[in-house]
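Reader: Hi! Could you walk me through this one? I'd like to start with how the chains meet.

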Amino acid sequence: MTSPLLQIESLQTCFATVGGTVRAVDGISLEIQKGQTFALLGESGCGKSMTALSIMRLVPEPAGRITEGSVRLNGDDLLQLPEVAMRHVRGKRIAMIFQEPMTSLNPVLTIGDQIGESVRQQRGAQAVRARVLELLEAVGIPDPAQRYHEYPHQLSGGMKQRVMIAIALAGEPDLLIADEPTTALDVTIQAQVLDLMRQLQKKTGMAILLITHDLGVVSEMADRVAVMYAGQIVEEADRATFFAKPQHPYSKKLFASLPDIKKRGQRLAIIPGHVPSLASEFSGCRFVDRCDDAIAVCRSQSPKWIAAATSGGVRCFKLDAAYREQFPIVEKQVTIPEHTVEPSTQGNKTLLTVTGLKVHFPIYKGLLRRVVNHVKAVDDISLSIPEGHTLALVGESGCGKTTAGKSILQLVKPTAGTVKFSGAEFTALSSAQLRRHRSDIQIIFQDPFSSMNPRMMVVDIIEEGMITQGIGGNAPARAMRVDRLLEQVGLSPDIKRRYPHEFSGGQRQRICIARALAVEPKLIICDEPTSALDVSVQAQILNLLKDLQDELGLAYLFITHDLSVVEYLAHEVAVMYLGRIVEQGTVQEVMENPLHPYTKALLAAVPVIEKSAEGVERSIISVQGEMPSPINPPSGCHFHPRCIQAMPECKTSYPAAHINGETHMTKCFLYE
Amino acid sequence: MIQHRGLWIFIVLLAVAAGVLFTMPVKPVVLWTDALVYVLVVTLAAFFSYVRSKPHLLAPWQQVLRRPLAVAALVVLSAYVVVGLLDSVHFRPPLPQQGEYKGEDKTVHYSVEVLSLLDIVLTPLRNTVERSYSSPLATHLYSKELQQQADGSRVRDYARLKYGGAHLVNPQADYAADIAQRSVNALLQAAVAWAVLVLLWSVFLARRARKKLADFLRDVARGKTALPWRVIFVCVGALLLMITVIIELGLPYHLLGTDKVGNDVLYLSLKSIRTGLVIGTLTTLVMLPFAVLLGIMAGHYRGWIDDVIQYIYTTLNSIPGVLLIAAAILSVDLYIANNPGLFETVVERADLRLLFLCLILGITSWTGLCRLLRGETLKLRELDYIQAATAFGMSNNKIITRHILPNVMHIVLIAVVLDFSGLVLAEAVLSYIGVGVDPSMISWGNMINSARLEMAREPVVWWSLLAALGFMFFLVLAANLFSDAVRDAFDPRTGRGIH
Amino acid sequence: MLAYIVRRILYALPILIGVNLLTFWLFFIVNSPDEMARMQLGQKRVTPEAIEKWKQERGYDKALFYNTQAEGGAAFTNTIFFEKSVRLFVFDFGSADDGRDIGYDIRQRMMPSLALAIPVFTVGLLVYITFALIIAFFRATYVDYLGVVLAVALMSISTLFYIIGGQFVVSKLLHLVPISGYDGGLAAIKFLVLPVLVGIIGGVGASTRFYRTIFLEEMSKDYVRTARAKGMAERVVLFKHVLKNAMIPILTGVVIAIPLLFMGSLITESFFGIPGLGSYTIDAIRAQDFGIVRSMVFLGSVLYILGLLLTDLSYTLVDPRVRLS
């Protein structure tokens, strides 16, 4: 076997914080071969990004320090190099791209400047420009000569990430570290960027250390996989082995907690609790508190690394010959097939009817601040939700789905259209009248950190709506109701005198749900409630939402970009593109038989978890280009510039709604 | 209620103090600024007792108190505040009754001179007025003057001071030994007082921390306590030393010399503290309601309300601050000059002018905070929890008081603490221009202003200038160091905040 | 862009009107011209005739807003408000109490003010930024810690100390430059050296500390990490990437002060006897010459609004993200 490109040996990185020393990376060892894609998989806060920064020796000092271990690149220990020599490693032998393309580029330097900076170090000034243009071309940026002089803010997120890749490629590195390169991007753009990385890897033969939390991305990209948990690697294997038979209980749970259509009507497996604080001392296995199979030894001793027969290994006593027998022979079922009831579709009253809803934000210009144009954030959408149903509003960022949700609630005043909720016409009500109807519809937000007033106690947060709406009776009755609500969302009533910052993201989202439930709503608008959460926590929240629907007959308007959540949870689906609904129907109709080319593209772009070694090399690009600005939407069908099936009439007029079957609506000329 | 025990004790103490003052044979005088100072003190006490009961509000303060420099600054600030508060309790002492009227006229007549508690404490300094300049610790006047000898001849010589070093029979011979002796005495007294104080304090602290005294003292010496007690003890020691030096050297001599009309400069410097503190704090108090209310309203309601508020603060801001102050103070002067009958005493007149100065300084300085708050409110109102509150049908007033106000308080706090030192410094400059406090009011600005002219003298009269600048420097330095710590603890951007 | 500037200038009008009304209210409503005259002439033994004469000489004897005695348009124009306030809009400042033309004096005194203010401003900015960069380069070391403590100490010292101390040490003890005074042409240099120096030192604490915070904030941004990951030297990261971004808040913060440089520096000019607009203002305040004070208030407001406009324009120059519309 050839010597590895990168060899990390028991790397440890510590951080000094107010709460004590945090061992963000705690004894990591791994090897990456030339030309290999090595995926480091883990949830937020497990130390995977810090591993990457440690390799580059970019750990923010003086708070962070690499305290132990070695990082060998082709045999040279990077941790021993003087800073000057390390600079010749960065950008040349190892390059790195980051999660947030929006902030990772210098806003006041041109694209050409920023790429040129890395080129300049090897070439004469003459060749720089040519090389930059070549690089821009290589990462698939149209019009390189023009883009050369543009600034980062003039590019979309996907384009920025391409520029980041161009910067990384400039030094022709042996290893590219990609830290969550597509997490901030939409699914169609993610597919394009991942594909680009694969093409470039083929061409240059560089190795990629791919850091991600997304099993789908790992499945599409990786040759080898290492799973990180609480600062340590708990499992390592080649992709096929890993996806065919994950060994560590944590890995298994990760798979089980992913929502998809096959798990409809079942509860998702959850990993209870949350990742332990890395500031604490561990006596046993770090996963023990969340593990179903744990036995006594898991608590008292740290599990050793058990090398697998071929390569890789697992850090678990279950595979340790000395303890294997002590575990129960029959593995506990990973998924608990506790069926929840599909709502009966017959005889349900329609709760919410939205007709022709428009939200246009004016753009002022000129001397007299005249309205010259509108941002048509929501442009004529109609939908209805029956009692106890879930309607998923799906679309990429910027399509207007959040604005649509807020305008239904009248948090944003609609420009036109009607919002009828059990008989009341919301758009016609005065603000005083509207206040009385507020308890009927509630909202849960995406970011669990900004959705609660940091200066209020949990009990005050939950009571607030009750007091405002006069629900829940007098003070003692309200207090009892708060306790009951907290129990209902799976929290202990003891926590009610604590403040939001003491809770994890998942717990906060539960409190937000309790707050919404407090005023006895009939409909809850869920605005991406799980997209800021880790997969294992997402499963907890999805289960909770489903339980509450069964119990209380709630209806949900579920706003999301995540199609797997839609498949798992929704009854009806509406797909939005640039302010309009392009396809609508029941979840079976839309997911199993998508009609609109955009829906098809969305579905195709979702990385698929392949449980076998074959079938990875499919082209995952489903659609070219990016969503245009809602200020100047393309003429005709908004999707036509990106549509591979576009016809001449698509450029001139917007297609009318076409009903296919009973309820399956789409707006596309292909079906007329 | 238990949490507010400190507040109640404080209020009872205040009431007792007021009661005592009212039963004394004096006529209490509550100046406008006194009243506002009392309000401020009560507000601050209430605020801190509230903070103590809320762990999330207390956390950043605890962070402030862990910084040695901040704690040292706090000790120094407290010393200034104690002097300032003593100087904020005013009264008019009764005049001694005339013998002839005894029996028939029982009414007590009060002096037109308004004194404060500080004046009483500093009586020995206040009354030892010399004829003119004398340098620090001098026994003779600073310049020669014609004087009559015992034999009737006239000599031009340095005259002996009436009070400074009057106890010395033969100044030339005894002076050095006396100064040395008294310095050593001061040092010894301070050392003894410090040792006793630290020991008692440590016994109390050690008991509360459930530690042995020896262990606790060792921790303190190594600087390993949660609160930096070592720094506190050192600062307290320095303050004690200053007090004993004032007692040992300041009473028999003029520690910092005397000014043109023979007033003790130390006394003037100490009396100036109140003026500085009042300007630094009341100005902020005056502007705060405007800044907070208007800033939040502009950000929350937007639309025409925002336009109007923005117009008001841009207009005010566009007038150069000094000129606006000058224009306003000139108007006040004119008013006072044309209505001389309004005030019973000189002190009351000076006080009203001080209050006006605070008001007008407040009007020129609220705009910055207002703009900050408007910006922050604009950001906050887009946050999910405000949207959630709207979705509950909450009224705008409630959203502002429950959600926005508590979440901008840290900005207000930082602004208030940062403004303080600037305002103290501004007083000196304004007094120089002639639009500062009343010329009859003792302030650092007035001290500097009158001493500045003496810089041209040969030899230079430097002490009054340096004394004023020095007292001002330590106050402003302490305030700056403290505000640094406050900003670090409360500003979420520094990353060390609680967010 | 042009439309933007025009609109901003139109927006400025109501502000200037507001400033004017406010000063008018302060000077003529709160205190009547009679009271002003009485104070100017001394409190005791002022005859009504003397007051009338004083008012007449200064044009304060007219009606405030509406002159009932005059005909037609003159009813509005022949008033104190029109004469004293409206005329300011065409930069007609009228004359001071001593009869001198204010407009002429302002033009005369502008140059000495600028001769002091411009060096203080430009050299000061350079010095502060350099110091802040050095401190930021050594962040989280003792250099940083000491630098910040020193800056805090320096900003805690009153400006008056720097001025008086400077005059005492440099002029009085060392006899390097004259204590105060001014001269035309190049001869002014020897009078300006000390005030410029004092002006720069006076601001060094506060500015250095402020710029350091800006630099440190920039240095924690993601693009700095990207630059480091490219293998850039720390020096290049600091001077090319950080400095360029930090200049946005720094420049736009100081641009507003540029037009106000015309107003001169009150204290420094007065202490050093420089015949600029700062000392002009102080003298007017001391002499209670309301005509000059009013003119300077108006001039200050105009320059402030100009500064606001320049600030917005400077954003477009240094920040490619900002487009005015």
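Reader: How much area is buried between chain B and chain C?
Author: About 4100 Å², with 72% of that from carbon and sulfur atoms. Buried area here is the accessible area (1.4 Å probe) that two parts lose on being put together, summed over both. B:L323, B:L334 and B:Y432 supply 16% of what chain B buries against chain C, more than any other three residues. Bear in mind that this is a predicted model, where local features need pLDDT of at least 70 and side-chain atom pairs count only at pLDDT 80 or more, while totals for chains, interfaces and linings use all residues. Side-chain values use heavy atoms, without hydrogens and water, residues are numbered from 1 along each chain as its sequence is written, and chains are lettered from A and ligands numbered from 1 in the order in which they are written.

Reader: Thanks! How many residues does each chain bring to the contact?
Author: Chain B gives 48 residues and chain C gives 48 residues, with contact meaning heavy atoms within 4.5 Å.

Reader: Which side chains form the salt bridge?
Author: C:R209 and B:D484, at 2.1 Å from N to O. The count between chain B and chain C is one salt bridge, defined as a side-chain nitrogen of Lys or Arg within 4 Å of a carboxyl oxygen of Asp or Glu.

Reader: And which helix of chain B gives the largest share of the side that touches chain C?
Author: That is α12(B), with 13 residues. Helices (H or I, at least four residues) and strands (E, at least two) are DSSP runs, numbered from the N terminus. On that side of chain B, 33 residues are nonpolar, seven polar and eight charged. Here Ala, Val, Leu, Ile, Met, Phe, Trp, Tyr, Cys and Pro count as nonpolar, Asp, Glu, Lys and Arg as charged, and the others, Gly among them, as polar.

Reader: Switching to chain A: what is the strand order in the open sheet of four strands?
Author: The order is β2-β1-β4-β5, with antiparallel pairing; two strands pair if DSSP finds at least two bridges between them. β2 (20-32) and β5 (76-77) each have a single partner strand, so one side of each lacks a neighbour in the sheet.

Reader: How many bridges join β1 to β4 there?
Author: Eight, between residues 6-17 and residues 64-73. One pairing puts A:Q7 with A:R72 of β4(A).

Reader: Last one: is β18(A) parallel or antiparallel to β19(A)?
Author: Parallel, over four bridges, and A:I441 stands opposite A:L523 in β19(A).
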